[in-house]
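The chain and its coordinates are shown first.

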Amino acid sequence: MRVQKKRRGWAGFLWIVALAAILVEVLRFIPSGYVMISPGITGNLAEMVHVKGGHPPGPGKLLMVAVDLGPASEFQYLVNHFNPTVEFLPIQQALGGLNMNQYVQLNLNMMQQSQWAAEVAGERLAGLPAKIVTVPGALVTGVLKTGTAINKILPGDLIVKIGPYPVTSPNQVRAIMEQHYQVGQWVSITVRRHGVLRVVRVRTTHIALDPAPAIGVAITALQKPVVPRPVTIKANNIGGPSAGMMFALEIYDQITGRDIAHHQVVAGTGEILPNGQVEPIGGVAQKVVTVYRAGARIFLCPVANYPKAKAMASRMGYPMKIYPVATLSQALHDIQAATS
C-alpha cells in the first residue's frame, strides 16, 4: 500500500510538472501587448569609426551603447515584470503606430542620419570647416499601419514628386496635397529608392486628427555631410540616433590624437545635431546597466535623461560618475574633468 501511494504521489507530481512546462511553452508564444527594453550591448568606437589619416587609438576607450528592444511574450512579461533592469512599454506607444519591421527600418535610417550629424559635429569640434547640405526632396522616416502607403512606400525612400509637382522640401508635401488632391483620390508619388526613381500609386485618406488628404508617412529633410576628413562608421546593424554624440567624440579624438579617455573606459549616449547640440534618447536606465557591466565607470547622457540614469545607478549601487550634457563641447570638458 505504501509503495502504491508513493507511485501515485510521484505520478501526480510529474503531471503537475508536465502541465507547468506546457503552460510555460504556451505563454512563450502569446504576445503580451508590450515591448520589452532590456540591457543590450556596447561597441568600442575605435573599432567602429575610422577617420582617414586619423591618429591610432590610445590606451583609453570610448564606448557607445545600445539596448535590446522587442515584443514581449506573456512569459517574458511575467518573468521580468519586477526586474529593475527591464522596462515595459505598450507596443503602440513604443513603436509609434509602426510594425516591428517598419520600426527597425526607421531606426536604421535614424542611425545613418546620426552618423552624418556626428561627422559634422566632430570635425567642427576639431576646428575643421565641416557642414551639412540638404538634399532636395522629403525623406520618408516611417509608414503608418493605418495609412494607404504601407507596403508601397518604404522608410528611406526620398519623395521627389507628387503627381506633376516637384518636391524640394518636406514642407511642400502637405501644401501639394491640400491644394491639388482630395481624400480618396489616387496620386502618383515619385520616390528615389537606392538611387533608382520609382513611381508608386497611392490613394489618399484621412489620418487621425488631420483633415488634410494624406497617405500615412512620416517625413523629414534629408541632410548629408560635407567634411574635410572622410569618415567611415560601421554600426553593425545597430539602429537609432543615440550613438551620435559618442561617434562625434571618437571622430574628434582620431583627428586630434588627444586620447580623451585617458587610459579609462568612458561610455555615453545622446543624439547629436550638426551644431553639436545633444538631444534626449530612450532606454537610458538600461544603458547604465549595460555600460557598467562593460567596465565603464564614467557615463555621459543628455540633460533630460540624467535623473533616470542617476536613479538607476543609485538603485543598482553602481559607483559611477554620471554627467548630464547639453553640447558636444560640454561632453568633452566633462570627460577631461573625469579622467584627469
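The model is predicted, so local features need pLDDT of at least 70, side-chain atom pairs count only at pLDDT 80 or more, and totals for chains, interfaces and linings use all residues. Residues are numbered from 1 along each chain as its sequence is written, and side-chain values use heavy atoms, with hydrogens and water left out.

**Sheet**

An open sheet is formed by 6 strands in the order β4-β1-β3-β14-β17-β18, with mixed pairing. Its edge strands, β4 (87–90) and β18 (321–325), each pair on one side only. From one strand to the next the twist averages 30°. Helices (H or I, at least four residues) and strands (E, at least two) are DSSP runs numbered from the N terminus; two strands pair if DSSP finds at least two bridges between them.

β17 (residues 298–302) pairs with β18 in the parallel sense over 5 bridges. Ile298 stands opposite Lys321 in β18, and the bridge partner of Cys301 in β18 is Pro324. Together, β17, α9 and β18 make a β-α-β unit that is right-handed (with the strands pointing away from the viewer, the path from the first strand over the helix to the second runs clockwise).

**Helices across the sheet**

Helix α7 (residues 244–256) lies across β3 (61–73), β14 (265–268), β17 and β18, at about 160° to β3. Helix α9 (residues 306–316) lies across β4, β17 and β18, at about 175° to β18. Axes are lines fitted to C-alpha atoms, for helices over the stretch in contact, and angles run from 0 to 180 degrees between N-to-C directions.

**Helix pairs**

| Pair | Axes come within | Crossing angle |
|---|---|---|
| α7 and α10 (residues 328–339) | 11 Å | roughly 70° |
| α5 (residues 100–125) and α10 | 10 Å | roughly 60° |

α7 and α10 are therefore roughly perpendicular to each other (65 to 115 degrees). Contact, meaning heavy atoms within 4.5 Å, is made by Met245, Ala248, Leu249 and Tyr252 of α7 and by Leu328, Ala331, Leu332 and Ile335 of α10. By class, this contact of α7 with α10 has 8 nonpolar, no polar and no charged residues.

The crossing angle of the second pair, roughly 60°, makes α5 oblique to α10. Here the contact is made by Ala121, Gly122 and Leu125 of α5 with Leu328, Ser329 and Leu332 of α10. The contact of α5 with α10 has 4 nonpolar, 2 polar and no charged residues; Gly is counted among the polar residues.

Key
Angles under 35 degrees count as roughly parallel, over 145 as roughly antiparallel, 65 to 115 as roughly perpendicular and the rest as oblique.
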